[in-house]
Amino acid sequence: MSWAYTASQRSGEHSVRTVHTALDSGASLLDTADMYGPFTNELLVGRVLKERRADAFVSTKCGLLVGEQHIVANGRPGYVKRACDASLRRLQTDVIDLYQLHRADPEVPIEETWGAMAELVAAGKVRALGLCAVGARAQRRTGARMHDATVRQLERVQQVFPVSCVQAELSVWSPDALEALVPWCASRGVGFLAAMPLGNGFLSGTLTPGQGFEPDDMRARHPRFTAEMMAANQPIVAGLRRVARRHGDGVTPAQVALAWLLAQGPHVVPVPGTKRERWAAENCAAADLPLSHEDLAEIAELPPARGSWD
Ligand SMILES: NC(=O)c1ccc[n+]([C@@H]2O[C@H](COP(=O)([O-])OP(=O)(O)OC[C@H]3O[C@@H](n4cnc5c(N)ncnc54)[C@H](OP(=O)(O)O)[C@@H]3O)[C@@H](O)[C@H]2O)c1
């Protein structure tokens with residue numbers, strides 16, 4: 001709605017309606033961040049929360065600052081506390097259900113950042129804490145090793161205050177988190193938010209190889225969205241489409257991709273992003289799509305995705 005995808009397609013009014021539609025369709029978690037926009041996505045979510053706070057569990061993130069040229073991490077305790085107050089104002093609420101550290105600041109020991117976040121819980125401004133591990137482009141290069149590093153970070157912050165939730169990329173074409181992070185969460189009763197669950201739209205099967213993206217759309221620079229890699233990865237979409245067909249007319253590859261995530265454990269919650277009411281409703285309906293052992297086995301046999309940041 002506010003970040004990473006073509007700006008000319010954004011509409012505040014439509015986005016607000018889309019959030020209402022998601023809540024009306026059974027979604028209860030709204031995941032945002034102060035850096036989305038920056039700030040505009042929290043403002044949109046705030047317009048909805050003002051009217052129906054009780055219908056939503058709201059999670060937001062701090063720790064990344066959007067500058068003219070670069071995005072930089074800021075994990076200084078004073079900054080984190082100011083960022084929380086600003087998010088509360090934009091979200092038009094007096095408490096954030098889940099407050100997540102978007103990225104650790106390499107200049108600040110993570111225990112210090114996490115300690116400040118714990119003080120926000122003590123102050124009643126935040127109910128629970130989460131850590132994001134989704135890599136920026138540079139982090140992606142390390143692949144699964146990035147998740148091992150995240151587990152080490154998690155063990156460190158757990159000494160300070162309990163982690164309630166971990167957020168990282170997880171989808172049919174990016175399953176690395178299943179190796180370490182998702183089991184780590186399961187064994188400790190920690191929730192897992194699956195970011196980019198539709199592979200930035202690719203897994204929905206609605207994109208065409210070579211269609212091109214506007215320069216401000218992150219997919220214009222994403223190695224999996226070149227015409228060549230989108231063509232090479234079509235067998236993944238074809239597999240999701242085969243499974244969808246078995247479940248009847250109207251079931252979509254996007255819904256299968258989300259149902260696959262829901263099948264990874266009761267603690268795994270996908271957070272699909274869309275600015276369209278129709279897709280918000282479609283994505284919510286995936287919660288009622290139980291995949292069989294045969295479906296899951298077929299998806300497990302799909303070829304690994306091609307195209308990486310390396
Ligand atoms: N912690 C982190 O660092 C981090 C990083 C990335 C993402 N996230 C979280 O993950 C969420 C989702 O990420 P995302 O939106 O980038 O990726 P995504 O959910 O994998 O994909 C979004 C894309 O899929 C399209 N789409 C959505 N539903 C569809 C459907 N049913 N059929 C066809 N296309 C559909 C959207 O189109 P339209 O936009 O045209 O509707 C959009 O282009 C974010 O909102 C955020 O909460 C977190």
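Select A4, which sits in the segment before α1 (12–24); helices (H or I, at least four residues) and strands (E, at least two) are DSSP runs, numbered from the N terminus. The phi of A4 is near 75°, a positive value in a residue other than glycine. Most residues other than glycine have a negative phi, and most peptide bonds are trans.

This is a predicted model, in which local features need pLDDT of at least 70 and side-chain atom pairs count only at pLDDT 80 or more, while totals for chains, interfaces and linings use all residues. Residues are numbered from 1 along each chain as its sequence is written, and side-chain values use heavy atoms, with hydrogens and water left out.

Next, select G37 and P38. A cis peptide bond joins these two residues, with omega about -5°. P38 belongs to the loop between β1 (29–31) and α2 (40–52).

Move on to M196, in the loop between β8 (191–195) and α8 (227–232). M196 is not a glycine, yet its phi is positive, about 50°. A polar backbone atom of M196 is also 3.3 Å from an oxygen atom of the ligand, a polar contact (a pair of N or O atoms within 3.5 Å; within protein, one must be able to donate a hydrogen and the other to accept it, and residues adjacent in sequence count only if both atoms are side-chain atoms).

Now show the ligand. An oxygen atom of the ligand lies 3.2 Å from a polar backbone atom of G199. A nitrogen atom of the ligand is 2.9 Å from a polar side-chain atom of N283. Taken alone the ligand exposes 910 Å², and the protein buries 91% of that; accessible areas come from the Shrake-Rupley method with a 1.4 Å probe, and for residues, only the protein chains shown count as cover.

Finally, select helix α9 (residues 234–246) and helix α12 (residues 293–300). These helices pack at about 170°, with axes 9 Å apart; axes are lines fitted to C-alpha atoms, for helices over the stretch in contact, and angles run from 0 to 180 degrees between N-to-C directions. α9 and α12 are therefore roughly antiparallel (angles over 145 degrees). The contact (heavy atoms within 4.5 Å) includes L240 and V243 of α9 and I299 of α12.

How values were computed. Parallel < 35°, antiparallel > 145°, perpendicular 65-115°, else oblique.
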